[in-house]
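Please read them with the structure open.

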Amino acid sequence: MIAPLHEGEVIQGAEDSGAYFKYMSEFVGFTEDDAATIRQSKPIIEKHLSEVIDKFYAHLLRYPPTRKFFLKKDGTIDQPYLELRMRHQANFWLTTCDANFDEQYARFLDYVGRAHTSRGADPKIYIAERYVIGQVGFLSHAISEAITKELRHVDEDFELRATESWNKLLMIVLEMLSRAYGHEREADSFDPIVGVDESSVERLAQEAFRKEHDKNLFVPCVEVPIAKVEDIPEGERKLVNVNGMSIGVFHHNGKFYALRNSCLHRGGPVATGRLEGDTLTCPWHGFQYNVTTGQLLVDPAASLDHYDVVVKDGQVSLEVPDPNVQQPSAIVAPTAPGQMMIDDATQSAGATTAPAASTITTMTPTLQANQFKVGDVAPGATKLVQVDGQDVAVYNVAGTLFATQDECTHRGGPLNEGDLDGNIITCPFHGSRFDVTTGKVVKGPAEKPVQTFKVTVEDGIATVTK
């Protein structure tokens with residue numbers, strides 16, 4: 001059941017993951033027949049998966065120790081990130097239903113286990129082991145419930161076999177996740193349970209499942225010109241914004257590739273990261289992708305959204321979803337199509353700081369890229385906007401709005417992701433601190449001040465200008 005890695009495959013996770021998965025399979029009595037039963041149950045799991053994911057994340061959002069990982073700085077739910085995690089979850093269970101429990105699957109489980117510990121890719125995220133144990137138990141119950149709902153009084157023999165096979169597998173999954181913890185512990189907290197808008201979570205779970213389940217289905221596309229061939233020399237890249245999507249276009253080894261500029265981990269600007277060979281590394285937490293396919297190296301079943309690139313008569317164009325064709329959406333309504341604008345910006349393949357993005361954006365009759373509703377930025381919160389294609393961080397300091405360039409002058413860290421304490425913003429990368437009212441450096445390692453911008457407010461709408 002545990003097959004070796006294919007030649008040339010790159011994967012993270014402990015080298016003994018496959019052996020340990022096999023050992024635990026033998027310990028709990030998980031056999032090839034169990035794997036076949038799980039494959040046979042796939043239509044049932046697919047039918048109920050969005051419901052399972054909905055319940056799973058609604059549960060996480062009720063408890064402050066787990067809820068905190070899904071909140072924005074203003075204390076509201078970070079819906080794009082929540083949907084991203086839901087898509088990861090859907091992708092994992094759809095892959096698991098195929099029951100191809102090879103070396104790569106085992107290493108991925110080990111990697112996921114470590115990602116929840118203090119040794120994970122993101123040092124800000126630590127999930128205490130008890131919550132991992134509890135949530136695997138929660139999933140085990142939800143899957144058994146789905147199987148029972150479909151098979152009770154229909155095929156009780158298969159119901160029994162499927163329930164038993166899934167229970168065995170989840171025992172192995174739990175052990176693979178738990179063994180990464182060692183002796184790590186976190187103090188208990190008993191904060192009150194938080195109310196959750198379950199209908200909103202349900203819609204988001206349905207949308208996340210649909211995107212993963214149907215990601216290979218045909219989607220009507222349109223060609224959008226983004227540059228001349230000579231504008232993106234070999235070895236360089238160009239960032240563009242198409243209908244609100246930031247996309248990195250790479251000229252790599254004689255071919256063009258286009259990837260969504262949003263890391264699957266925390267939405268980091270992955271297209272601005274280091275490119276070595278075919279490996280693109282997100283500058284935030286080191287997640288790595290194959291630039292030619294968008295696949296996450298640790299789990300090739302997961303990938304960045306990628307787009308076909310058309311090169312014709314010296315013109316480079318992207319094939320992107322047609323904005324005139326309404327796509328199902330859980331919470332956010334599609335933007336009305338309109339005029340498109342294009343600005344130029346390129347970046348060397350070896351650069352690690354984020355360049356100013358080109359803009360190919362659908363205009364709306366209300367807010368521009370440098371505008372926002374004042375109520376969207378609470379006191380002590382930050383927001384990212386764009387001014388002439390440049391990323392700009394906006395800060396609410398005790399009710400007064402200030403703005404600076406988003407890129408830290410030390411190593412390009414995203415200041416809008418930093419901690420705002422009064423009028424001081426701390427870069428999340430290396431701790432440089434700036435006074436957002438003047439742009440001056442308060443504490444290194446940065447030496448140069450950040451550029452400041454003007455913020456004007458009229459009728460509840462803030463506009464940021466140079």
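1. I begin with a local pairing. Asp-419 has Thr-426 of strand 18 as its bridge partner. Strand 17 and strand 18 (residues 424-426) are antiparallel and are joined by three bridges. Please keep in mind throughout that this is a predicted model.

2. As background, the strands of a sheet pair through backbone hydrogen bonds, in either a parallel or an antiparallel sense.

3. The peptide bond joining Gly-444 and Pro-445 is cis, with omega about 20 degrees. Pro-445 sits in the loop between strand 20 (441-443) and strand 21 (452-458).

4. For the overall make-up, the protein has nine helices and 22 strands. Of its 466 residues, 46% are buried. Taking contacts between residues at least 6 apart in sequence, 62% join residues at least 24 apart.

5. Turning to the helices, the axes of helix 3 (residues 42-62) and helix 5 (residues 79-97) come within 10 Å and cross at roughly 145 degrees. The crossing of helix 3 past helix 5 is right-handed. On the helix 3 side the contact is made by Lys-42, Ile-45, Glu-46, Leu-49, Ile-53, Phe-56, Tyr-57 and Leu-61. Helix 5 contributes Leu-82, Arg-85, Met-86, Gln-89, Ala-90, Trp-93, Leu-94 and Cys-97. By type, the residues of this contact are twelve nonpolar, one polar and three charged.

6. Which residues touch the most other members of the largest nonpolar core? They are Phe-21, Tyr-57, Met-86, Phe-101 and Trp-166, in a core of 79 residues. Two or more residues of this core come from each of helix 1 (17-28), helix 2 (32-40), helix 3, helix 5, helix 6 (103-115), helix 7 (129-151), helix 8 (156-178) and helix 9 (198-213). Helix 3 gives the largest share, ten residues. Tyr-57 and Met-86 are also part of the contact between helix 3 and helix 5.

7. Another core lies apart from that one and has 15 residues, including Ile-226, Val-240, Met-245 and Leu-318.

8. Is strand 2 (residues 236-242) largely enclosed or open? Six of its seven residues are buried, so strand 2 is largely enclosed by the rest of the structure. Strand 2 pairs with strand 3 in the antiparallel sense over six bridges. Within this pair, Asn-241 has Ser-246 of strand 3 as its bridge partner.

9. The loop between strand 3 (245-252) and strand 4 contains Asn-253. This residue is not a glycine, yet its phi is positive, at about 55 degrees. Asn-253 counts as exposed because its relative accessibility is 58%, and the cut-off for exposed is over 50%.

10. Asp-388 is in the loop between strand 14 (382-387) and strand 15 (390-397). With a relative accessible area of 67%, Asp-388 is exposed.

11. Strand 4 (residues 255-260) and strand 10 (residues 306-312) run antiparallel and are joined by two bridges. Here Ala-258 has Tyr-307 of strand 10 as its bridge partner.

12. Strand 10 also pairs with strand 11 (residues 315-321), in the antiparallel sense, over five bridges. Val-310 has Ser-317 of strand 11 as its bridge partner. The hairpin of strand 10 and strand 11 has two residues between the strands, and Asp-313 in this hairpin takes a positive phi near 55 degrees.

Key
Residues numbered from 1 in each chain as written. Predicted model: local features only at pLDDT ≥ 70, side-chain atom pairs only at ≥ 80, totals over all residues. Heavy atoms only, no water. Axes fitted to C-alpha atoms, helices over the stretch in contact; angles between N-to-C directions. Helix = DSSP H or I, 4+ residues; strand = E, 2+ residues; numbered from the N terminus. Left-handed = near helix turned anticlockwise from the far one by under 90°. Contact = heavy atoms within 4.5 Å. Nonpolar A, V, L, I, M, F, W, Y, C, P; charged D, E, K, R; others polar. Core = buried A, V, L, I, M, F, W, Y, C linked by side-chain atoms within 4.5 Å. Buried < 20%, exposed > 50% of the residue type's maximum accessible area, 1.4 Å probe, protein only. Pairing = 2+ DSSP bridges.
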